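Here is a quick walk through the fold, from the overall layout down to one helix. Have the sequence and the model open while you read.

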Amino acid sequence: MVVHGLSEDDADRIFHALADRTRRDIVTRVLHAEQSVSDLAERYSMSFAAVQKHVAVLERAGLVRKVRRGREQIVHAGLDVIHQAKSLLESYEHLWRHRVARIDALLAETDTTQGD
Amino acid sequence: MPVLDTRLDTDDLTLTVVTEIDATPERAWQLWADHRQLEQWWGPPTWPATFHRHEFEPGGESRYFMTGPDGSKGHGWFTIVETDAPNRLVFKDGFAGDDGEPTDPEDYGTVTVTIEPAGDRTRMSVQTRFRSAEQLTAMTEMGMAEGMTEAMGQIDSLVAA
């Protein structure tokens, strides 16, 4: 199961990395298409160095990968880690979906006195 | 009625599940207040829950275990923080050791349940605030016992786009 591929430290790094709006936005952008750090820097009202720092946090969490191409640093999505983080959350959601299904079944079973 | 919405807020590590159920708020409250009803839905069918203590009042303690297909047990605890029947319930939810007592009393998720009328149905929202991502990992593990196979499509299609 993919979730077990994440250590607790990995999970903490991922959550820390995603606990920032700019970083979440960077992940969304690079999921659609790779971006150079300078492309990204143009999109935000912050310095190149600040954007670079955000990218470094994401990189440590494995959410993005950076490769050098000529003079450019290209940022890619770290698909396997994004996938794992997503499945972690989905599995919690899944747990609750099943609980709600059981509540519905329980209510249907015991609904003998209520009119509606 | 299925789950209407789930919202994850990574800023404060909360996950909110909103559902509408076909019952009155008073009836929905009983799902939590009565441990015999709680037992019927808290654990997955393959990991049914048994509550051997359920003091449903502020400051009250609950202890439960879930029994897996191989007979192994996973223990858990609640501490009830707030009850405002039938609209609001706040409790701490954590893991316990084999003796049934909290492994770490400071390691818990805070669950806030809000129950309100919605037409002739009842809207129930359950917000869990995790203390760490690690805890979220642990909490999903029981749910994983049911097997998660679906819901992976979204990211795959995004990747394919």
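Two strands count as paired if DSSP finds at least two bridges between them. Keep in mind that this is a predicted model.

## The sheet

With that in hand, three strands of chain A make an open, antiparallel sheet, ordered β1-β3-β2. The edges belong to β1 (35-36) and β2 (64-69) of chain A, each with a single partner strand, so one side of each has no neighbour in the sheet.

Six bridges hold the antiparallel pairing of β2(A) with strand β3 (residues 72-77) of chain A. Across that pair, A:Arg68 sits opposite A:Gln73 in β3(A).

## Helices on the sheet

Helix α2 (residues 21-32) of chain A packs on the sheet and touches β1, β2 and β3 of chain A, with its direction at about 90 degrees to that of β3(A). α4(A) packs on the sheet too, touching β2 and β3 of chain A; its direction makes about 120 degrees with that of β2(A).

## A closer look at α4

Helix α4 of chain A covers residues 48-60, and its 13 residues should span 18 Å at 1.5 Å a residue; the end C-alpha atoms are 18 Å apart, so the two agree.

Which residues of α4(A) are buried? They are A:Val51, A:His54, A:Val55 and A:Leu58. Their arc around the axis is only 100 degrees, so they lie on the same side of α4(A). After α4(A) comes A:Gly62, with a positive phi near 85 degrees.

## The whole chain

Stepping back, chain A has five helices and three strands, running α-α-β-α-α-β-β-α along the sequence. Of its 116 residues, 33% are buried.

Note on methods: Residues numbered from 1 in each chain as written. Chains lettered and ligands numbered in written order. Predicted model: local features only at pLDDT ≥ 70, side-chain atom pairs only at ≥ 80, totals over all residues. Helix = DSSP H or I, 4+ residues; strand = E, 2+ residues; numbered from the N terminus. Buried ≥ 20, exposed ≤ 12 C-beta atoms within 10 Å, placed from the backbone. Expected span 1.5 Å × (residues − 1). Arc of directions from axis to C-beta. Contact = placed C-beta atoms within 7 Å. Axes fitted to C-alpha atoms, helices over the stretch in contact; angles between N-to-C directions.
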